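These are my notebook entries on a single protein chain. I record what I looked up, entry by entry.

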Amino acid sequence: MPREPVKGLIALLAAVMVPLGACVLLLPARASLSQANVALILMFVVALVAAFSHRWAAALTALSGAVGFTFFFTAPYENFTQFKNADDILTAGLLLVVGLAVSQLARRFSRERAIATTLQRSLLPRMTPDTSAVRPAFRYVPADAEVGGDWFDVISLPGFRTALVVGDVVGRGLRSAVAMGRLRTAVRNFSTLDLPPDELLARLDDAVHQMDAEAGVGEDATFAATCLYAVYDPVSRWCTMARAGHFPPAVVQPGGHVELLDLPAGPPLGLGGLRFQAAGRQLPEDSQLVLYTNGLIHHRGRDIGTGLALLCDTLSGAGTDPEETCELIVGALLPAHSVDDATLLVTRTRAFPHDRIADWDIPADPAAVSVLRSEVLAKLTNWKLGEMAFVTELILSELVTNAIRYGAAPVHLRLLFDINLVIEVGDGSSTSPHLRYAADMDEGGRGIFLVAQLAERWGTRFTPTGKIVWAEQPALPVPAVPAAAPLA
């Protein structure tokens, strides 16, 4: 019995009265309906009621349908306590047994769909970060019958960059939802390595092969997925993208012009043997980048080409607000009842303010570090960050000195100031520094350890010409906690 008395009473009344009510409605057609037709109709009613009821009500529903069928539609209609032949008893019993079985199957399907939908929604982000690079908005619409494996993500990267991800696992049901969660977690983990989009997709493809190997041999062991991974840099307004069998993104220019980007297709994840290729595009400020899955543009009665054309036509009349764009696209492209889940991610790009950027080209001379510290101090004072000068000088001294000693020319320093203060030191070497824990008698090995202690985060990312070692500090002052009032 459910805990809520009102819901329990409603379930009880529905379990008893709905099958009996169906019998009363069918009674005028008793002469023209065979027992088989009536039994089939009542089985459908029993399954429908049981699917939306509680477990204890499923048996009661089937019992009520069997009693109603016996009383109204068998030979002993005039005398309910007497049966003239065994066929009536057999039919009523068969209705009871089949009704119970059908109701349990209906409840099982409804329960599995509820579990898959809950799991799907729990694995998707409930909210996306409003970063310095983009302003995002999203919509996820599950299918009516069975959820699929669509997912999306918005990931903040070092240097105020943002990664945008949309993917789709082939198939439906609980297995696809679990695979989706594993892939989304893998993308999150790979993004911490700050890999280019094509390299990240290659590692994700390897992860899919490993999942197949762990699952073993069988029809359900192998799955495929599509994915689109994009990284947007607000400083250069450059967006680098790569896709694995996924649909290309759409870009809406600030003036309203819509374009489907021509990206190298790449194979779906799980096939293997082929390489992924990345492509870049500079996006004007206030552009909208639209990422989506198959369920948004393709369904019964509409092919992919028509769906893409309708998407472009809808985007041409959209405004600059991502939330309004999402509402407009969902209303125009999604049918009332969809057989496939659909995911939409719309982001409005931003440009990093030029007055929050400072650059220095550093000569390969350790003596230049002292001059550099004075110039950085003046810039921090101009940004009203004078209280961060001491820690910042220590960090940049270690990073710049390491780049001059162990790296290769050219050496470059860049400061980015927004919510955080980011220090980036780049050089032409691909050798990455690593954290060491120096012993008491060691003469070196404490530089990166010092950076790790002073900075909130630090790391390395590789570029086509070398590497960049970065460190991040919180730039906003921490609000003071009021002291507790003295006890009387």
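**Entry 1**

I began with Arg348, which counts as partly exposed because its relative accessibility is 21%. Here buried means under 20% relative accessible area, exposed means over 50%, and partly exposed lies in between, with a 1.4 Å probe and protein chains only. Asp286 is also partly exposed, with a relative accessible area of 27%. The two side chains meet in a salt bridge, at 3.1 Å from N to O. A salt bridge is a side-chain nitrogen of Lys or Arg within 4 Å of a carboxyl oxygen of Asp or Glu. I noted that Arg348 is in strand 10 (residues 342–349) and Asp286 in the loop between strand 8 and strand 9, 62 residues apart. Helices (H or I, at least four residues) and strands (E, at least two) are DSSP runs, numbered from the N terminus.

**Entry 2: basis of the entries**

I note that this is a predicted model, in which local features need pLDDT of at least 70 and side-chain atom pairs count only at pLDDT 80 or more, while totals for chains, interfaces and linings use all residues. Residues are numbered from 1 along each chain as its sequence is written, and side-chain values use heavy atoms, with hydrogens and water left out.

**Entry 3: further salt bridges**

How many salt bridges does the structure hold? I recorded 12. In one of them, Glu424 and Arg414 meet at 2.7 Å, N to O. Glu424 belongs to strand 13 (residues 420–427) and Arg414 to strand 12 (residues 411–417). Glu424 is buried, with a relative accessible area of 3%, and Arg414 is buried at 15%.

Asp427 forms a salt bridge with Lys467, the closest N and O atoms being 2.9 Å apart. This pair joins strand 13 to strand 15 (residues 466–474), across 40 residues of sequence. Are Asp427 and Lys467 buried or exposed? Both are buried. I also found Arg139, Glu323 and Glu327 joined into one network by salt bridges that share partners.

**Entry 4: the chain and its cores**

The chain has 12 helices and 15 strands. Of its 488 residues, 46% are buried.

I then looked up the largest nonpolar core, which has 48 residues. A nonpolar core is a set of buried Ala, Val, Leu, Ile, Met, Phe, Trp, Tyr and Cys residues joined through side-chain atoms within 4.5 Å. Trp151, Leu183, Leu204 and Tyr229 have the most contacts inside this core. Strand 4 gives the largest share, seven residues. Another core, of 30 residues, lies apart from it and includes Trp360 and Ile404. In soluble globular proteins, nonpolar side chains tend to be buried together.

**Entry 5: Gly270**

Where is Gly270 placed? I found Gly270 in the loop between strand 7 (258–260) and strand 8 (279–282). Gly270 counts as buried because its relative accessibility is 14%. Leaving aside neighbours within four places in sequence, Gly270 is in contact (heavy atoms within 4.5 Å) with Asp205, Val208, His209 and Phe223. The C-alpha atoms of Gly270 and Asp212 are separated by 8.4 Å, although these residues are 58 apart along the chain.

**Entry 6: Phe390**

Phe390 counts as exposed, because its relative accessibility is 59%.
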